[in-house]
Every structure is written in structure tokens, then in C-alpha cells.
Amino acid sequence: MQVARGTTLAVAGLLTAAAVTAAVVARRRDVDGGEPPATTTAPSTAPRAARTEEPAQPAAVEPRPAEKPASPEAPSANPASDPWSEYTVRPGDTLSAIAHRFDTSVDALVELNSLAAADRLDVGQRLRVPRAADAVPVTATDEQPPAPTRPLEPLVSGSPPEVPAGPVINRVAGAGGRVALTFDDGPAAATDAILGALTQHDVRATFFVVGRQAARDGARLARMHDAGHVIANHSWDHSDLTGLDTEQVRRQLADTSLVIQQATGRAPDIFRPPYGARNERIDDVARQLGMRDITWDVDTRDWTRPGTEAVVRAAVDGARDGSIILLHDGGGDRNQTAAAIGPIVAGLRERGFQIVTVPELVAAGR
Ligand code: NI
């Protein structure tokens, strides 16, 4: 089965996220800083407007020679001196998903594999995968998320707060000049730098965490919560939830909520679907677990690393009353995002906005 990158989001919607077989033996320094704006990831032209977080890759224009490895399951064991390991592409994979898995960026994968912008991703294809400084350990077998240390009953059969049915919230009208900064895909290496900048400017933000990463970083989650930030649910492993059945979606959300609850003493009441890919069934599960579905109306596209200035401009110029601004603290090198916090806060305040958490924003709009 051949999967052109232009269609992988759709394919991911039909197939469960692929498992990883890899031995990550060393890490490769992720070159950034003076890097020019990303040119390898074209903006999505897909009609699904909600999926702006990680756009689809350009459609394939060139066929690939049919010299794919016979055994897609075989992991590669590189000498410890190699700055990368290999990952075998499986059905449903996207570059974005693989980048998330290895805590790197699409750009880094493109660069490391010398992929052309119009290249395609084939099932069975071997990809070199770098490992960012903050990469969480990746299991060498099919990904079975570690079982939560407590049963799920407190979350699923307790009395979660009443969550009103209604459309997904991407902006809160009538918020009295308030806006919210949100950070997705952590906790990761840049999280502390971002927290430091937020503290310096006396701002509380909302962090949509990936459960699998949060499970290994409970102490940091607790510190974030204690500092007044809101910890929210961004699924267990950043799968496209539209491709999972209801029970799988429930586990993705419930396990993550449990990890957050264990770390902070409080189960999250807001949730953001990976890639913004949502449907009514997912919203229903979230609601059953006491969470509202929150997306965004201002996309800074910071994950493409367009330069700190561009991230600042997107956030400050794009904000309106009640805006929910999308940024990332995970998923790759987020130095530009961390550097953008101070100027974003200053710019928003200059425009008269008050920066609050998402729950505060939602409450203000009522
Ligand atoms: Ni995300």
C-alpha cells in the first residue's frame, strides 16, 4: 500500500496509529536558530479547516523506486556512534505523527532523510529518525502505553462536572478583552523555558499535554499546576482520534486525564484533539469524561519555526477579543516559541488585552 503524503491524513483516519520499532541510540543536534523560514511544509489546502495544526504534506508528484525493504518489521540496530536510528513507515503514518513520536519536527525528518518537498511516504519505507534533546524514551516494541497506576473508575463512574453540549470552542465571544495563550504537545524540553518566560511576565497559560509524556513528568506537571497554569488533555499519544474506535478514544482521553489528576490532584476539564481532528463521537467521549473540546482561532504556526518575529506577529496581530492562541511547547525544537513569549505578552498588553487561562476565558464569556 502506497501512501502519498498528500493523503496521509485521510489514511490516518482509517487506520490506527502505527507502532514504533526503533532503537534510538544517539541524538542528533537539531539545527535551528538562524534557519530560514520553513519551505518544506506547504500550508494545507485541505477542505477540513480545523486541521490547521499540522498541515498535510504536498501531494506526491514523483513515484518512488520500488526497492522497499522486504521486512517492514525489522528494526535496525545502529552502532552507538550513529546520530540517528531507523523507523519503518507503517500504514496510517504521517510525517507529523512520526515527528511527534520522536519528539522532533517534520523539517528535521525532511532534512535528515533528504526528502524532497514533493516526496512521498510509502509504507515499508525506512526513515532516519533523529532524537531531539528532550526526546522521551521510545519503547522498542509496539506502543502499549503504560497502564495507569490506578483504575479509571474515579474518572468514568464518578461524577464528572456537567459539560454542556454545544459546538467546539475556538474563541469566546464577549470576553471583555481577554485572550488565552495555549501550549500543545508537551511537556518537553522547551517547557521550562516557556514557564520561565510566563512567570517573568506574570502570565498564566493553558498547557494541552500529551499523556504519554506527562506520565513521565508528573513532578513538572505538579509545579505547573501550582504556579497557576492549567493542565489540559491532548490525548495519550497524539493519535488522530478520528481513526480510532470509541473505546480507543475513551482510553486516550481517560488515561491522560488520570495522569494529570495524579500529578496535580485535579482532573482536566478541557481537552484539545490532536491536529484539531474531531467529530461528534470524540466530543461525546470528552463530555462523558467531564471535558469540553477546545480548539483555537489564532494559529501562530510556531511548529514550522518561521522565526521568532513571525510567531510574535501571528499571535499579536491575530488576536481578537476572546481569542485562543495556539503555540507549542513540544513536538520539536521550540526555542523560537520560548523567545516569542515576552514580545507576545508585551504586544497583547499594548493592544489592551488581558491574558488569562482558557477556563477563565470561557467563564468570562458567559
Ligand atoms: Ni498537538
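Contact here means heavy atoms within 4.5 Å. With that, residues 24 or more positions apart account for 81% of the chain's contacts with a separation of 6 or more.

Now the ground rules. This is a predicted model, where local features need pLDDT of at least 70 and side-chain atom pairs count only at pLDDT 80 or more, while totals for chains, interfaces and linings use all residues. Residues are numbered from 1 along each chain as its sequence is written, and side-chain values use heavy atoms, leaving out hydrogens and water.

The overview. The secondary structure comes to 12 helices and 12 strands. Helices (H or I, at least four residues) and strands (E, at least two) are DSSP runs, numbered from the N terminus. The chain has 366 residues, and 54% of them count as buried. Buried means under 20% relative accessible area, exposed over 50%, and partly exposed in between, using a 1.4 Å probe and protein chains only.

Let's start at strand β6, residues 206-209. In a regular strand, side chains alternate between the two faces of the sheet. Here both faces are covered. Thr206 and Phe208 are buried on one side, Phe207 and Val209 on the other.

Who are the partners of β6? Two strands pair if DSSP finds at least two bridges between them. Strand β5, residues 178-184, runs parallel to β6, joined by three bridges. Phe183 has Phe207 of β6 as its bridge partner. Strand β7, residues 230-233, also pairs with β6 in the parallel sense, over four bridges. There, Phe208 has Ala232 of β7 as its bridge partner.

Next, the core. A nonpolar core is a set of buried Ala, Val, Leu, Ile, Met, Phe, Trp, Tyr and Cys residues joined through side-chain atoms within 4.5 Å. The largest one holds 35 residues, and Leu181, Phe183, Leu198, Phe207, Ile344 and Leu348 touch the most other members. Elements supplying at least two residues each include β5, α5, β6, α8 and α11 (335-350). The largest share, six residues, comes from α11. Take Leu348: setting aside residues up to four places away in sequence, Leu348 touches Val179, Leu181, Ala315, Val316, Ala319, Ile325, Phe353 and Ile355. Another core lies apart from this one, with 16 residues, among them Ile169 and Val356.

Over to helix α7, where we find Met224. Buried or exposed? Met224 is buried, at a relative accessible area of 1%. Beyond its neighbours within four places, Met224 is in contact with Thr191, Leu195, Phe207, His229 and Ile231. Met224 and Asp192 sit 32 residues apart in sequence, yet 9.4 Å apart in space, C-alpha to C-alpha.

In the loop between β7 and α8 comes Thr242. Thr242 is buried too, at 17% relative accessible area. Its side chain makes a polar contact of 2.6 Å with that of Asp240. That term means a pair of N or O atoms within 3.5 Å; within protein, one must be able to donate a hydrogen and the other to accept it, and residues adjacent in sequence count only if both atoms are side-chain atoms.

Last stop, helix α8, residues 246-264. At its start, a side-chain oxygen of Asp245 reaches to within 3.1 Å of the backbone nitrogen of Glu247. Buried residues of α8 include Val249, Leu253 and Ile260. Just after α8, Gly265 takes a positive phi of about 85 degrees.

Technical notes:
The expected span of a helix is 1.5 Å times one less than its number of residues.
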